[in-house]
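Have the structure open beside you as you read.

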Amino acid sequence: MPNHTIARNYIVSTAESKCATCSLREICLPVGLDKDETELLGDLINHKYRIRRGEHLFHAGLAFKSLYAVRNGFFKSCVLDSDGRQQVTGFYMTGELLGLDAISSEKHTCDTVALEDSEVCEVPFIKLEEISRRIPLLMHHFHKIMSREIVQDHTIMMLMGGRKAEERLAAFLLNLSERFAKRGYSSTNFILRMTREEIGSYLGLKLETVSRSLSRLQEEGIITINNKNVRLNDIYRLSHKISGYSD
């Protein structure tokens with residue numbers, strides 16, 4: 001296991017990571033911080049890192065020191081099951097935080113890997129706690145983020161609870177749609193950065209089941225898929241799939 005969470009040759013100048021001038025500040029930072037508070041928070045950002053596709057941001061078992069905000073790109077988290085196979089536990093996109101799972105145990109519980117060339121901002125947790133005591137709004141914001149993560153985990157548990165393959169896949173696509181929309185991207189046209197196999201691992205489905213379900217949704221005209229490019233043609237009908245309704 002490497003000594004560092006991130007390869008140091010991908011460090012970018014800290015001057016580029018200032019929160020005040022970042023286009024993602026409204027996603028990552030709580031609304032209501034004044035200029036001085038924003039600058040104070042920006043000063044705790046150590047570096048902006050570039051992570052190449054296939055590289056680890058951190059490994060399971062590594063001591064927890066920092067949270068990471070995805071500046072751009074896409075990541076997956078995964079663990080090894082009892083058979084030594086990789087189980088995907090989550091996907092993360094621009095504007096989302098990585099490492100929240102390690103706060104209680106003070107060790108990362110999963111491997112986190114870039115699915116494309118990506119950039120993250122490192123936020124040392126000890127410094128974040130210190131500043132949060134001076135800016136109560138900041139701690140409130142992070143409590144909301146952690147609550148959102150819990151809700152998302154519960155949603156995934158419901159997905160796994162006896163739902164059919166197409167229902168799980170429909171919910172997965174709608175979840176991505178909502179998350180893209182919140183970040184100002186198209187809710188109906190996006191690229192799947194993960195493989196079909198990774199989607200299957202995440203949803204508890206076999207690769208061939210994922211491919212077959214995507215094909216059925218396309219045959220029904222609900223989606224159009226071309227390799228990794230997806231267009232949601234009918235979000236209403238896709239949402240009805242989750243309830244088990246048929247056309």
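A residue counts as exposed when its relative accessible area is over 50%, and as buried when that value is under 20%. Keep in mind that the model is predicted.

Glutamate 106 has a relative accessibility of 54%, so it falls in the exposed class. Its place is the loop between β7 and β8. Asparagine 227 is also exposed, because its relative accessible area is 58%; this residue sits in the loop between β11 and β12. Most residues other than glycine have a negative phi. The table gives the phi values of these two residues, neither of which is a glycine.

| Residue | Phi |
|---|---|
| Glutamate 106 | near 65 degrees |
| Asparagine 227 | about 60 degrees |

**A buried glutamate**

Is glutamate 116 buried or exposed? With a relative accessible area of 18%, glutamate 116 is under the 20% limit and is therefore buried. You will find glutamate 116 in the loop between β8 (111-114) and β9 (118-124). Setting aside neighbours within four places in sequence, glutamate 116 contacts Ile51, Arg52, Arg53, Gly73, Phe74 and Arg193. Glycine 73 is 43 residues away from glutamate 116 in sequence, yet their C-alpha atoms are 6.1 Å apart in space.

**The nonpolar cores**

The largest nonpolar core has 30 residues, and Phe172 and Leu192 have the most contacts inside it. Elements that each supply at least two residues of this core include β6, α6 (196-203) and α7 (207-219). Which element gives the largest share of this core? That is α5, with eight residues. This core also draws at least three residues from each of domain 1 (11-150) and domain 2 (162-241). Beyond residues up to four places away in sequence, Phenylalanine 172 touches Phe91, Met194, Ile199, Tyr202 and Leu203. A second, separate core has 18 residues, among them Leu100, Ala102, Cys121 and Phe142.

**The second largest pocket**

The second largest pocket holds about 390 Å³ of space. Its lining is made of 22 residues, and Ser77, Tyr92, Asp101, Glu149 and Asp153 lie nearest the centre. Two or more lining residues come from each of β5 (74-80), β6 (86-93), β7 (97-98) and α4 (136-160). The largest share, six residues, belongs to α4. Sorted by class, the lining of this pocket has twelve nonpolar, seven polar and three charged residues.

Methods:
Residues numbered from 1 in each chain as written. Predicted model: local features only at pLDDT ≥ 70, side-chain atom pairs only at ≥ 80, totals over all residues. Heavy atoms only, no water. 1 Å grid on protein atoms, 1.4 Å probe; cavity = no way out; pocket = protein on both sides within 12 Å on 5 of 7 lines; lining within 4 Å. Points joined across faces, edges and corners; volume = space filled by probe spheres on them. Helix = DSSP H or I, 4+ residues; strand = E, 2+ residues; numbered from the N terminus. Nonpolar A, V, L, I, M, F, W, Y, C, P; charged D, E, K, R; others polar. Core = buried A, V, L, I, M, F, W, Y, C linked by side-chain atoms within 4.5 Å. Buried < 20%, exposed > 50% of the residue type's maximum accessible area, 1.4 Å probe, protein only. Domains from an automatic or database assignment. Contact = heavy atoms within 4.5 Å.
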